[in-house]
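Please look over the sequence and the model shown here, and then read the briefing that follows, which moves from single residues to the whole fold.

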Amino acid sequence: MVESFLPLLHLSDSPRIVNVSSSMGKLKNIPSEWAKGVLNDAENLTEEKIDEILTEFLKDFKEGSIETKGWPVFMPAYILSKAALNAYTRIVAKNYSTFRINCVCPGYVKTDMNNNTGILSVEEGAKSPVRLALFPDDGLSGLFFIRNEASSFE
């Protein structure tokens with residue numbers, strides 16, 4: 001989707017991309033040292049490497065071997081999808097240095113996905129992504145935020 005919007009973003013004086021992620025996508029939630037190493041190597045990270053990790057995960061998932069292959073057993077697809085999103089955010093931010101591109105965990109927001117058990121309202125959860133979208137032109141880019149605080153990808 002990001003690629004589809006790039007022509008429009010290039011027309012903007014203040015291009016912004018804010019990917020809504022989750023702290024569940026932190027690398028500490030992935031037991032596989034191989035996957036963590038690849039996703040944490042920001043200098044050498046590529047879309048192809050992310051695809052390779054996701055392809056391997058999907059293969060192991062279909063074989064029923066996620067635990068023995070070092071993947072998360074609790075919400076594995078969600079964790080891997082958010083870790084991949086975080087990694088992709090880093091790649092895009094590096095490739096488009098004049099853009100402000102970040103990812104954010106808005107917190108545990110009451111949504112249908114969690115049967116409205118979250119602690120934040122949708123309005124409260126929206127504050128963090130909106131704040132990042134309004135960063136100044138010389139603001140931070142390529143980072144992961146948990147609500148309003150920059151955090152590590154690990």
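**Backbone, strands and overall form**

Arg147 counts as partly exposed, because its relative accessibility is 33%, where buried means under 20% relative accessible area, exposed over 50% and partly exposed in between, computed with a 1.4 Å probe and protein chains only. This is a predicted model, in which local features need pLDDT of at least 70 and side-chain atom pairs count only at pLDDT 80 or more, while totals for chains, interfaces and linings use all residues. Residues are numbered from 1 along each chain as its sequence is written, and side-chain values use heavy atoms, with hydrogens and water left out.

**Positive phi angles**

- Arg147, a residue other than glycine, has a positive phi near 55°, and its place is the loop between β3 (144-146) and β4 (149-151).
- Asn115, which is not a glycine either, has a positive phi of about 55°; it lies in the loop between β2 (100-105) and α5 (122-133) and is exposed, with a relative accessible area of 64%.

- In β2, 6 of the 6 residues are buried, so the strand is largely enclosed by the rest of the structure.
- In a regular strand, side chains alternate between the two faces of the sheet.
- Arg100, Asn102 and Val104 point one way from β2, whereas Ile101, Cys103 and Cys105 point the other way, and all are buried.
- β1 (residues 16-20) pairs with β2 in the parallel sense over 5 bridges, pairing being assigned if DSSP finds at least two bridges between two strands, and Arg16 has Arg100 of β2 as its bridge partner.
- β2 also pairs with β3 in the parallel sense, over 3 bridges, and here Cys103 stands opposite Phe144.

**Whole protein**

- The protein has 5 helices and 4 strands, in the order α-β-α-α-α-β-α-β-β along the sequence; helices (H or I, at least four residues) and strands (E, at least two) are DSSP runs numbered from the N terminus.
- Of the 154 residues of the protein, 41% count as buried.
- Among contacts with a separation of 6 or more, 66% come from residues 24 or more positions apart, a contact meaning heavy atoms within 4.5 Å.
- The protein has 16 positive and 20 negative side chains, with Lys and Arg counted as positive, Asp and Glu as negative, and His and the chain ends not counted.

Technical notes
The place of a charge is taken as NZ of Lys, CZ of Arg, CG of Asp or CD of Glu.
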